[in-house]
Structures are given as structure tokens and as C-alpha cells.
Amino acid sequence: QRLDRYSKQGAWTRQLLELIRDNPKLRAADLAAKTGREKEWLKLNVRKLKNIGLTISHDPGYTLSPLGLAFLHKLIEQG
């Protein structure tokens, strides 16, 4: 919630978590294209999620950590 609240782009965390869940290990450039944002924006924000334990970096791409999966599930339940 804090990441979304202080973002100039608005809420983005759920969208990015769902994108990573649905596209495991997809390259950053390809994930960025799916969001319509720049690759550097994507990488910066995935790092923010990684710093709080929600994502795992791979070569290439990302997956959700077990905590990330649980967090996303909770967000979806809340609507």
C-alpha cells in the first residue's frame, strides 16, 4: 500500500505482481512491453518488490516468492 500511495504513477504493485505470476521468468524488456512502461521503470519497481521479499530474480526474468504469492492472493481476496 505504501508503494502505491507514494507513487506518481498511481497503483502499480498488484498489476506488476499479477504480470510476474502470469509470465514467470519472462525477460524484463518483454514484461515492460506488456505494461506499456519502460524497461528501467519495470526493473526499478521489481527491485522494490524484491527488497520486501515479494519477488525472486532469475536469469532471465522474475517469479513471485512464496510470500509474494500469498500477498497477491490476499490482495485479490480483498478486491
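Figure 1. Residues 24 or more positions apart account for 52% of the contacts in the protein with a separation of 6 or more. Keep in mind that this is a predicted model. Of the 79 residues, 37% count as buried. The protein exposes about 5,200 Å², and carbon and sulfur atoms supply 51% of that area.

Figure 2. The average pLDDT of the protein is 88, with 86% of the residues scoring at least 70.

**Figure 3. Helix H2 and its buried face.** Helix H2 covers residues 13-22, and its buried residues are Thr 13, Leu 16, Leu 17, Leu 19 and Ile 20. Looking down the axis of H2, these buried residues fall within an arc of 160°, so they line one face of the helix.

**Figure 4. The largest pocket and what lines it.** About 190 Å³ of space lies in the largest pocket. Two elements each give two or more residues to the lining: helix H3 (28-35) and helix H4 (39-51). H4 gives the most, with five residues. The lining also includes Arg 27, Ser 57, His 58, Gly 61 and Tyr 62.

**Figure 5. Ala 29, on the pocket lining.** Ala 29 is found in helix H3 and is among the residues lining the largest pocket. Ala 29 counts as partly exposed, because its relative accessibility is 30% and that class runs between 20% and 50%. Gly 61 is another lining residue; Ala 29 and Gly 61 are 32 residues apart in sequence, yet their C-alpha atoms are 9.2 Å apart in space.

Figure 6. Strand S1 spans residues 55-57, and Pro 60 lies in the loop between S1 and S2. A cis peptide bond joins Asp 59 and Pro 60, with omega at about 5°. His 58 is found in this loop too, and is partly exposed, with a relative accessible area of 31%. Leaving aside residues up to four places away in sequence, His 58 touches Lys 25 and Thr 63. His 58 and Arg 27 are 31 residues apart in sequence and 9.2 Å apart in space, C-alpha to C-alpha. Both His 58 and Arg 27 belong to the lining of the largest pocket.

**Figure 7. Lys 25 and its positive phi.** Lys 25 sits in the loop between H2 and H3. Its phi is positive, about 65°, although Lys 25 is not a glycine. The relative accessible area of Lys 25 is 47%, so this residue is partly exposed. Lys 25 also ties this view to the previous one, as a residue that His 58 touches.

Notes. Residues numbered from 1 in each chain as written. Predicted model: local features only at pLDDT ≥ 70, side-chain atom pairs only at ≥ 80, totals over all residues. Heavy atoms only, no water. Buried < 20%, exposed > 50% of the residue type's maximum accessible area, 1.4 Å probe, protein only. Helix = DSSP H or I, 4+ residues; strand = E, 2+ residues; numbered from the N terminus. Arc of directions from axis to C-beta. pLDDT = per-residue confidence, 0-100. Contact = heavy atoms within 4.5 Å. Areas by Shrake-Rupley, 256 points an atom, 1.4 Å probe, with all protein chains shown as cover. 1 Å grid on protein atoms, 1.4 Å probe; cavity = no way out; pocket = protein on both sides within 12 Å on 5 of 7 lines; lining within 4 Å. Points joined across faces, edges and corners; volume = space filled by probe spheres on them.
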